Structure formats: structure tokens, C-alpha cells
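Have the sequence and the coordinates open as you read.

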Amino acid sequence: MSCKELVELVTEYLEGSLPPEERARFEEHLGICPGCVNYVEQIRATITTVGTIREEEIPPQTRDELLAAFRDWKPT
Amino acid sequence: MAALRAGDEAAFAALVDRYQASLVRLARMYVRDQSVAEEVAQETWLAVLNGIGRFEGRSSFKTWLFRILTNRAKTRGAREARSVPFSSIGDPDEPAVDPDRFQDAGDRYPGGWREFPQPWEGDPEERLLAGEARALILDTIEQLPPNQRAVITLRDIEGFDADDVCNVLDVSDTNQRVLLHRARAKVRRALEQYLEAA
């Protein structure tokens with residue numbers, strides 16, 4: 001497995017969907033290649049970082065309208 | 001859910017704050033402009049209120065919510081004649097990493113890195129986690145093809161698992177993974193450029 005091939009399998013690797021033999025070859029490559037270790041770690045860091053994105057605040061008018069709709073709907 | 005059914009406004013407000021922006025982003029995959037996407041998201045909340053009595057809890061609330069959104073957005077998109085063919089995943093050979101980063105057939109290690117990617121442990125990663133690149137990430141996600149944008153939003157921002165994404169977007173497991181792979185690779189590339197420029 002070359003580095004160029006490995007980078008295309010990272011998502012399957014992280015999803016746990018690589019067949020056992022391919023997974024073994026993937027990990028064998030990681031054992032000898034600091035560049036690919038760094039690449040996989042960069043992808044993990046990317047996932048973690050994207051996961052920290054909290055959404056922008058929603059426009060107050062939209063929020064007010066939705067809450068007004070809720071009050072209309074609200075069972076009394 | 002019980003709080004919502006009982007008419008607890010704070011519970012509803014919390015859900016709106018939590019999900020509205022993602023609903024709008026996902027709707028943008030099917031409809032042309034931002035204001036229509038916002039309308040679709042608002043209609044989705046009204047559909048939630050009207051349907052809450054029928055929600056049986058067989059799927060998670062989140063999956064149910066986003067399915068309502070995609071159904072409405074598709075209808076709206078079809079009316080606007082701009083539905084995205086979700087089955088198409090684009091160029092099958094689109095590489096995760098620029099091929100120039102790897103050695104050629106005549107080089108010493110064909111397909112090996114010319115220069116290793118740099119580790120991000122320590123300072124770079126801390127800067128990323130502190131939210132320094134937030135605008136860059138949002139911008140990069142915004143520039144992705146719509147179906148990649150939808151998958152990375154649901155998987156990595158919303159924390160859906162793969163099955164839920166397939167369910168909400170009606171894509172096969174394989175396509176879900178390919179789209180996620182490409183989206184993550186592009187965000188990684190943007191972050192790498194950002195960190196190297198700093």
C-alpha cells in the first residue's frame with residue numbers, strides 16, 4: 001500500500017468498514033510511515049475541529065416568529 | 001418531547017436555537033436561495049408542532065426533524081426545478097490529496113509523500129480547537145458541492161451516525177462514505193494551508 005493509496009482509505013478505516021486484510025495492510029503501513037501517521041492524525045483533528053463549530057446565532061426575527069407560532073399552537 | 005407536547009416554550013426555543021442553522025444549511029442543498037431555505041426551515045418547525053402528537057419515537061427526534069426538512073425542501077426544490085440528483089457523487093477519481101504531493105513512477109518511492117504532512121499536535125491543534133479557524137471552516141463547507149456539504153454537516157457538525165445520514169438523505173452507505181471522505185479531505189487541506197501560512 002502506497003501513501004497515495006492510504007489517504008483514499010482513511011475514511012473507511014476510521015468508519016471501521018475496511019475488510020480485515022486491508023485494515024491490516026493499512027496499519028502495517030502506518031507502522032513504518034510517519035507522514036501517513038501525521039495525515040491520519042490531521043484528519044482526526046479536522047473531524048474534532050469541525051465538531052466544535054457551534055452554529056451562528058439565528059436571526060432574532062426568525063426566532064420571534066417561531067416562538068409566536070409556538071404560542072399559537074400551544075395546547076391550552 | 002414530553003415538555004414540548006405539554007407546551008413548554010423554553011423547550012421549543014432550545015430546539016430552535018440548536019437546529020435552525022443546520023436546517024437552513026441543509027435546505028440550501030435543494031433550493032436556490034437563502035430566504036427560501038429559511039422559509040423551508042420555518043415550515044419544518046410548524047410541521048413538527050403539528051406532527052408531534054404522531055411522533056412515535058421509533059427514530060430519534062433529530063432524524064425525524066431532518067427528514068421532515070429534506071422532504072419539504074425536495075418538494076420546494078422540485079417546484080423550483082433545481083433538485084440535486086443525490087445519487088450523483090461527482091468525479092469518481094477526485095483525489096483526497098493533490099497528486100503532486102506524491103512521488104512519480106520514476107521516483108524512489110512511487111506513490112510516497114514527497115514531503116511528509118506536518119504534525120498538528122500541540123500548538124496548531126490547540127489553535128484550531130480554540131475556534132481560530134471557525135470562519136475558514138464554515139466558508140470551506142459552504143464552497144463544497146451540495147451533497148458533500150450536507151453529509152459533513154450532518155456527520156461532523158450535528159454528530160449523526162452513518163445510518164441516520166443515509167436515512168435522512170436517502171443515500172447508500174457507500175455514497176455517504178465517499179461524500180464524507182471528500183468533504184473531510186477538503187476541510188483538512190484548507191486547515192493545512194491555513195496553519196502553514198501562519
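How many helices and how many strands does the secondary structure of chain B come to? Nine helices and zero strands, where helices (H or I, at least four residues) and strands (E, at least two) are DSSP runs, numbered from the N terminus.

## Ground rules and confidence

This is a predicted model, in which local features need pLDDT of at least 70 and side-chain atom pairs count only at pLDDT 80 or more, while totals for chains, interfaces and linings use all residues. Residues are numbered from 1 along each chain as its sequence is written, and chains are lettered from A and ligands numbered from 1 in the order in which they are written.

On pLDDT (the predictor's confidence in each residue, from 0 to 100), chain B has a mean of 88, with 93% of its residues at 70 or more. Within chain B, helix H1 (residues 2-5) has the lowest confidence, a mean of 82, and helix H9 (residues 173-197) the highest, at 95. Chain A averages 91, and 92% of its residues score at least 70. Its lowest helix is H5 (residues 60-73) of chain A, at a mean of 86, and its highest is H3 (residues 20-32) of chain A, at 98. For the complex, the predictor gives an ipTM of 0.85 and a pTM of 0.84.

## Chain B overall

Reading along the sequence, you get α-α-α-α-α-α-α-α-α for chain B. Its C-alpha trace spans about 65 × 40 × 30 Å along the principal axes.

The domain assignment of chain B gives domain 1 (2-79) and domain 2 (99-197); bounds like these come from an automatic or database domain assignment. The C-alpha centres of the two domains of chain B lie 27 Å apart. Eight residues from domain 1 of chain B and eleven residues from domain 2 of chain B make the contact, with residues in contact if their C-beta atoms, placed from the backbone, lie within 7 Å. On the domain 1 side, H2 and helix H4 (61-79) of chain B are the elements giving two or more residues. H4(B) gives the most there, with four residues.

## Where H3 meets H4

Now look at H3(B) and H4(B), which pack at an angle of about 130 degrees with their axes 9 Å apart. Axes here are lines fitted to C-alpha atoms, for helices over the stretch in contact, and angles run from 0 to 180 degrees between N-to-C directions. That angle makes H3(B) oblique to H4(B): under 35 degrees counts as roughly parallel, over 145 as roughly antiparallel, 65 to 115 as roughly perpendicular and the rest as oblique. The crossing of H3(B) and H4(B) is right-handed, a crossing being left-handed if the near helix is turned anticlockwise from the far one by less than a right angle, and right-handed if clockwise.

From H3(B), the contact residues include Val36(B), Val40(B) and Glu43(B), and those of H4(B) include Leu65(B), Ile68(B) and Arg72(B). By class, this contact has nine nonpolar, one polar and three charged residues. For the classes, Ala, Val, Leu, Ile, Met, Phe, Trp, Tyr, Cys and Pro count as nonpolar, Asp, Glu, Lys and Arg as charged, and the others, Gly among them, as polar.

## H7 and its two partners

What angle do H7(B) and H9(B) pack at? About 90 degrees, with their axes 8 Å apart, so H7(B) is roughly perpendicular to H9(B). Val151(B), Ile152(B) and Arg155(B) are among the H7(B) residues that meet H9(B), where the partners include Leu179(B), Leu180(B) and Ala183(B).

H7(B) passes H8(B) in a right-handed crossing. Ala150(B), Val151(B), Leu154(B) and Arg155(B) of H7(B) make the contact with Val165(B), Val168(B) and Leu169(B) of H8(B). Those residues divide into six nonpolar, no polar and one charged.

## Meeting chain A

The contact between the chains takes 48 residues from chain B and 39 residues from chain A. On the chain B side, H2 (9-27), H3 (34-51), H5 (123-129), H6 (134-143), H7 (146-157) and H9 of chain B each supply at least two residues. By class, that side has 27 nonpolar, ten polar and eleven charged residues.

Technical notes. Contact = placed C-beta atoms within 7 Å.
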